[in-house]
Protein chains: 2
Amino acid sequence: MASRWPECVQIREVGPRDGLQNEPGFVPTAVKLDWIGRLADAGLSYIEVTSFVSPKWIPPLADAEEVAAGLRRREGVTYAALVPNMRGLERALRSGIDEAAVFMSASETHNRRNINKSIGETLPVLREVTAAAKAAGKTVRGYLSTVFGCPYEGAVDTQQVVRLTEALLEMGVREVSLGDTIGIGHPRQVEAVLEELLGRVPPDRLALHFHDTNGLALANTVVALQMGIRTFDASCGGLGGCPYAPGAAGNVATGDLIRMLHAMGVRTGVDEAGLSEASAYILQALARTGGDPGAAAGDCLTGGDRDVCS
Amino acid sequence: MASRWPECVQIREVGPRDGLQNEPGFVPTAVKLDWIGRLADAGLSYIEVTSFVSPKWIPPLADAEEVAAGLRRREGVTYAALVPNMRGLERALRSGIDEAAVFMSASETHNRRNINKSIGETLPVLREVTAAAKAAGKTVRGYLSTVFGCPYEGAVDTQQVVRLTEALLEMGVREVSLGDTIGIGHPRQVEAVLEELLGRVPPDRLALHFHDTNGLALANTVVALQMGIRTFDASCGGLGGCPYAPGAAGNVATGDLIRMLHAMGVRTGVDEAGLSEASAYILQALARTGGDPGAAAGDCLTGGDRDVCS
């Protein structure tokens, strides 16, 4: 049953956005920019650098304009940002970001808690944002959260995941990132969900966004690789926990992911030592801001114009 | 490519032997017995309870006779012990253990460092021990260490692994446990090694013994499951580190393994809550014995009649 392992894999580094958004302290803009520069220097070719949600909802990313404007751009690197709506997109476009990332959930309750709209109300907003971004010459990425389970509803209907993935692609999204928002997915489920999806969607239009809450991110990655997925989100230092699992691991750490891939002979273009240094750099900076990430992460649970759990 | 996942998996609990042997403090015999009782009560049907190597080499397990004699036996549970040679087997037989586990390495240097003999000198010893154990009505398990890499030699020849696995089975060993002694194996390698092995050996004669040093134990387990392996070693609490990676994770934790399997709908017969309590129990006991496991684990590197890195 020799699986065909890929020669190379694309990493989407989401640490500066998904990693920092739950942190209690404010990381100074200059430190963020230095970190992003180190990530690019380490070979990451895609970095989600900030979020253009309302600063009142995500104070740690209140400096989105300054970050986008201050980027020390490296050739060949895509600098992306999260945008919740037209107002966010307008800010992002003015800031000269390369790609906009829109987001929604596969489960009704999480979608409503996270962005204060039903799924039915969300789709037209994302369609409008995507069309406008493309009209402005930008590409668009779509996040679909709670694909493998919802903290409010439990199991999530795979057919709903398929429908929403197709809806995002039809509106012009380049790639859909399937989020295991609470880190509850397991290898057999990843296989089953991807089997359904890949009957309708080519693998190069999908990315997997695993959380390591239950220690299964790498096991899930292996199955996704076997199913033909070649794009994975990861967060430098494993930043980005989930409020439903205080103290648990957050997003899969970029370093863990690339070390496994490199051991398997799969290229990522990322330098392990450089990535390690970038990770140490941001962890030291966060230690200086103090606070308990687990406590502050609870912010994610309330409010309207929110982007926390992709 | 729908993998066929199994309905159930056998767990070989090695914590009381492989987990404790590297600990710096001596866990009192009564505590060991209480822990082993809790492991059996949690549903583990196979427990390697101690090692009949010379007490001077493995002081933490110097009470092998007392442990074997004091077992509160639970019906349906196999109580096994490591035996290095005929002298060890004689002690084990007098103690009434159910199964003897013999051991060797797939790499010459590690074999010599661990048991002070060449591989060629080891095989006749294991053959004699296995025959004597079977003559006494016992079953025998075989450990083959450094299957996925050797701390001294680096890469290990897969053909050597196949040859030694076959040699162990031919001498009458019931099952060969393939050890990723330094936790360096990765999913693609597990697949490749098993592909070679399964051309010669049926899957029910093999077990996988993963270490989580690099965080890949569960990912490796997933691939082994896909290849048809149904028996896995694990250590309650993840006890049993490797001296070559101080502070790193040790044997794959039984709790991590069963949680993944249960999430995937694979039965193990082990109760998660009961296992958690057994894990908390021994971790508290170890905290009382003090010391730095990482430092003491260095014992593994020297000496003759040794059994440390299965």
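Chain A of this predicted model contains 12 helices and 8 strands, where helices (H or I, at least four residues) and strands (E, at least two) are DSSP runs numbered from the N terminus. Of the 310 residues in chain A, 62% are buried; buried means under 20% relative accessible area, exposed over 50%, and partly exposed in between (1.4 Å probe, protein chains only). Among the contacts in chain A with a separation of 6 or more, 77% are made by residues 24 or more positions apart, a contact being heavy atoms within 4.5 Å.

Residues are numbered from 1 along each chain as its sequence is written, while chains are lettered from A and ligands numbered from 1 in the order in which they are written. Because the model is predicted, local features need pLDDT of at least 70 and side-chain atom pairs count only at pLDDT 80 or more, whereas totals for chains, interfaces and linings use all residues; side-chain values use heavy atoms, with hydrogens and water left out.

Salt bridges come next. Over all chains, 34 are counted, each being a side-chain nitrogen of Lys or Arg within 4 Å of a carboxyl oxygen of Asp or Glu. One of them joins Arg12(A) to Glu175(A), with the closest N and O atoms 2.7 Å apart. Arg12(A) belongs to strand β1 (residues 10–13) of chain A and Glu175(A) to strand β6 (residues 175–179) of chain A, so this pair ties together parts that are 163 residues apart in sequence. Arg12(A) counts as buried because its relative accessibility is 7%, and Glu175(A) counts as buried at 2%.

Another salt bridge brings together the side chains of Glu48(A) and Arg17(A), at 2.4 Å from N to O. This pair also links distant parts of the chain, with Glu48(A) in strand β2 (residues 46–51) of chain A and Arg17(A) in helix α1 (residues 15–19) of chain A, 31 residues apart. Both Glu48(A) and Arg17(A) are buried.

Within helix α10 (residues 254–263) of chain A lie Asp256(A) and Arg259(A), 3 residues apart, about one turn of the helix. Their salt bridge has its closest N and O atoms 3.0 Å apart. Asp256(A) is partly exposed, at 33% relative accessibility, and Arg259(A) is partly exposed, at 40%. Elsewhere, salt bridges that share partners join Arg12(A), Glu99(A), Arg141(A), Arg174(A), Glu175(A) and Asp233(A) into one network.

The account now turns to the two chains together. In the interface, 23 residues of chain B are in contact with 23 residues of chain A. The two chains bury about 1,900 Å² between them, 63% of it on carbon and sulfur atoms; buried area is the accessible area (1.4 Å probe) that two parts lose on being put together, summed over both. Between chain B and chain A there are 0 salt bridges. On the side of chain B that touches chain A, α8 (187–198), α9 (217–226) and α10 (254–263) of chain B each supply at least two residues. The most come from α9(B), which gives 5 residues.

Chain B can be laid on chain A with an RMSD of 0.0 Å by a turn of 180° and a shift of 0.0 Å along the axis, the copies being superposed by least squares on the C-alpha atoms of residues with pLDDT of at least 70 in both. That is the relation of a two-fold axis. Ala219(B) is the residue of chain B that comes closest to the rotation axis, at 1.9 Å (C-alpha). Of the interface residues of chain B, 100% are also interface residues in chain A, so the copies meet through the same surface.
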